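These are my notebook entries on one structure. I list what I looked up, entry by entry.

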Amino acid sequence: MSNVIETTGLVKDFGKVRALDGLDLGVAKGEVHGFLGPNGAGKTTTIRILLGLLRADAGTATMLGGDPWDDAVALHRRLAYVPGDVELWPNLTGGEAIDLLGRLRGGLDKARRDMLVERFDLDPTKKGRTYSKGNRQKVALISALASDAELLLLDEPTAGLDPLMEAVFQEVIRDMMAEGRTVLLSSHILAQVEVLADRISIIRQGKVVESGTLRDLRHLTRTTFTVETTQPASAIAQMPGVFNFEPNDGQVRFDVDAEHVGTVVSALSGLGVQAITSRPPTLEQLLLRHYGDEMAAHNGERAEVAR
Amino acid sequence: MTATTPARGGGTLVGTGSLVRMMLRRDRVKLPSWILGISLFWLYYTRLVPTAYPTRADLDAIVGMMGGATGRMWTGPTYFLDNMTYETFIPAAYGGYLILVIVLMSILLIVRHTRVEEQTGRAELVRASVVGRHAPLTAALLVALIANGATAGLIAIMMIADPIFSTGGSLLFVAGCFASGLAFAGLTAAIVQVTEYSRTATSLAAGAGLGGAFLIKAFGDMGHEHGTLLSWFSPMAWPQQTAPFVLDRWWPLTLSVAFAVATAALGYWLAARRDVGAGLIAPRAGKARAKGWLGTPVGLAWRLERRTIMWWAIGLGVLGMSMGAFAERAVPGEMPEALLVVLDGAENITAGYLAYMGVFMASIVAIYAVLAMQGLRAEETGGRGEPVLAAAVSRWSWLGANLLVGTIGVVVIMGVAGAMTGLGAASVLGDNALIWEVTAAHLNHVPPILVVLGVAALLFGLLPRATGASWALVAYGFIMGTFGALMDLPDVAFDISPFEHPARMPLEEFELVPVAVLVAIAVALVAVGLAAFRRRDLDVT
């Protein structure tokens, strides 16, 4: 299997703070890989190590078959990067910044650039200092997406974009997927990753805690059912793997662990189902599973303080 | 009901007091540094003059240099001529520069607390709370009043304590400083309403406003020893026209106060006619595409630096031209003894003067070199270096491109400054060969500036946070070049300064060895800086 990005045991310390604590990440060729985690989890630090802007204190990283630190320039010709916080030169226009960054990378496709400027609805004649955060983001995105890079490193690329532009972004990324490019998409916007990603790695406190396809991860969580039956459904509440059972105005609502869905559905079929909806777990729920203990601890602390 | 009804009255000034406190708190280091720095600057000159010109004869000798049209252009009206004493001479000769820095403090203060706040969006947050429409501007003007008052007060105490100066004249002198600071605070308050960008506001206020006022005064004062009608059109002339310690007239300051009130009122009037964050003049649209050359690290560095280089060349060209024109006065017998020592040429004072110009310009241009490296550091910490280094640009080519452009800038600025100094000297002395000689003399002083650039590059690579420490070398070089000869110092004190090594052309013949050694040192420093930068993390947050 040819992984475009492969890191093992990456460690990075900033003074006393350990930003990465043995990070293992694998991104396969041609996939959109969602890199998911809350602020401060180490997403940006990982990407900066992959770009050779920071040097890892321990562990190994390979990208496109090269070493991110030693082969930085050669690798950068084959990738495009969108930082999470785009800063532009105050006295260069957006159009100039797009061209400049594209050329520094080794050239960009003019027709594609113009198409993207159009689609993202950017005024390229304005000076960098006048752009809002969203517009600065568009400048970096257009410059990256107009390149023919085989790998895209996108660090929260749509923070600051409105929903309309977010949709444009998703379309463009789908085009890129069709062209067989690899995308590492870091985000804490779950819906975006859910829509685009083939595989997901969840990072927490400098470590990847879960990695796999969305389906793999969903096995680990619960599906939510809302059912209307002719006969009372209260017995369902006693079945193994059923949680949060709530009767509500003739309907019942409950969550079921992935491995018990089969038995619960067979039990329901005997109750005269009139309407049934089931919802797969959202990434919020996946994340809550990983950060739930942290939040619980946090709430506990707060409760203690309150007391 | 009372709780939900917004309070009426108080209106547009609500919150001014809290804003003043916030501004003073934010400036708790900056303003005291300015005020103390300005006061020490003045203390230095009031102490320097009696030391450098200890006798009556020395003092009279300066008249030849300061009393002419060129001298007036640089200093101001010469009311002291009838009664030349330290008391009448010092404020007339150096007071203009004291006012210049006080005015600069006021301009930057107003821009910082008004337009910068709006540009960053912080003003929006402030104005969204219980703060009146005119409160931010009023608070900024009050802080300017406080800062100017503190400066004037401190200088007044120093002068009154000094036996040289009488109390009445001292009070008039500092009142002139105070009123001028407020006059330009008012002018800036009007200017910041017009432009959307703080940098445009600063360049308008400091360049067009202060620079224009200085030039009008300079040309006005050239015409007559008490200035001409033209002088009176410059706010910079009014405090000097009070002729402190000579005529002691207060009335010209009414002009300064009236100017301050009128311009501040204009500021309020304009502020009421625009939106928060907007200017009265809409920014112009730029190019939709980058030119062909803007696609390499050198192209980017050149694009970011070219305007700065141009303004430095223009500024130092004008400075050089007028200092070159001063060469006429650099004749033995018209110069005080101390100046002869500094100029290092008792037998050929003109050549000594022109040679000193080269050292002087080099130490000024070294400021540009440090600023260029600090600019690159700001690119790094400001997050603009990251996308460049994430493209196919190596650390070496990024830093190297900026050092190359910095070197080009140094050569261009020194070349222009030298040519213009030579032109000024040639025009008053009637010797055209001086144009080339003085240009060559200036270029001969480029290598020490490159050493400063090299030190800054070394620090940038090795200890990026300490890049600013290279200022120490600039300051040291300036002090050694300008005052070193007056102090009884061991040779090693001079040898440390790179500026002391190139031959003092045109007084001395060109020497290759010192220049070659300095270039070699600069190259070595840069090499270590590049190697260190290649090895360190990029400093981004």
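**Chain A overall**

I counted the elements of chain A and got 10 helices and 13 strands. Helices (H or I, at least four residues) and strands (E, at least two) are DSSP runs, numbered from the N terminus. This is a predicted model, in which local features need pLDDT of at least 70 and side-chain atom pairs count only at pLDDT 80 or more, while totals for chains, interfaces and linings use all residues. Residues are numbered from 1 along each chain as its sequence is written, chains are lettered from A and ligands numbered from 1 in the order in which they are written, and side-chain values use heavy atoms, with hydrogens and water left out.

I took the box of the C-alpha atoms of chain A along the principal axes and found roughly 70 × 50 × 45 Å. Of its 307 residues, 50% count as buried; buried means under 20% relative accessible area, exposed over 50%, and partly exposed in between (1.4 Å probe, protein chains only). I then looked at contacts (heavy atoms within 4.5 Å). Among those in chain A between residues at least 6 apart in sequence, 69% join residues at least 24 apart.

**Salt bridges**

The cut-off is a side-chain nitrogen of Lys or Arg within 4 Å of a carboxyl oxygen of Asp or Glu.

I looked up A:Lys12 and B:Asp537, whose side chains meet in a salt bridge at 2.4 Å, N to O. This pair crosses between chains: A:Lys12 sits in strand S1 (residues 3-14) of chain A, and B:Asp537 in the segment after helix H22 (512-535) of chain B. A:Lys12 is buried, with a relative accessible area of 4%, whereas B:Asp537 is partly exposed at 24%.

Next I took A:Arg113, which forms a salt bridge with A:Asp99 with the closest N and O atoms 2.6 Å apart. A:Arg113 lies in helix H4 (residues 110-119) of chain A and A:Asp99 in helix H3 (residues 94-105) of chain A, so the pair ties together parts that are 14 residues apart in sequence. I find both A:Arg113 and A:Asp99 buried.

A:Glu179 also pairs, in a salt bridge with A:Arg112, and here the closest N and O atoms are 3.6 Å apart. The two residues are 67 residues apart and link distant parts of the chain, A:Glu179 being in the loop between helix H6 (163-178) and strand S7 (182-187) of chain A and A:Arg112 in helix H4 of chain A. A:Glu179 is partly exposed, with a relative accessible area of 45%, but A:Arg112 counts as buried at 16%.

**H4(A) against H6(A)**

How do H4(A) and H6(A) pack, and at what angle? I get about 150°, with their axes 10 Å apart. Axes are lines fitted to C-alpha atoms, for helices over the stretch in contact, and angles run from 0 to 180 degrees between N-to-C directions. The two helices are therefore roughly antiparallel to each other, since angles over 145 degrees count as roughly antiparallel, under 35 as roughly parallel, 65 to 115 as roughly perpendicular and the rest as oblique.

H4(A) contributes A:Arg112, A:Leu116 and A:Arg119 to the contact, and H6(A) contributes A:Met165, A:Val168, A:Glu171, A:Val172, A:Asp175 and A:Met176. I sorted the residues of this contact into five nonpolar, no polar and four charged. For the sorting, Ala, Val, Leu, Ile, Met, Phe, Trp, Tyr, Cys and Pro count as nonpolar, Asp, Glu, Lys and Arg as charged, and the others, Gly among them, as polar.

**B:Arg384**

I located B:Arg384 in the loop between helix H15 (349-381) and helix H16 (385-390) of chain B. Is B:Arg384 buried or exposed? At 16% relative accessibility, B:Arg384 counts as buried. Leaving aside neighbours within four places in sequence, B:Arg384 is in contact with A:Glu87, A:Leu88, A:Trp89, A:Pro90, B:Ala378 and B:Glu379.

**Helix H1 of chain A**

I checked H1 (residues 43-50) of chain A and found the helix mostly covered, with seven of its eight residues buried. Just after H1(A), A:Gly52 takes a positive phi of about 75°.
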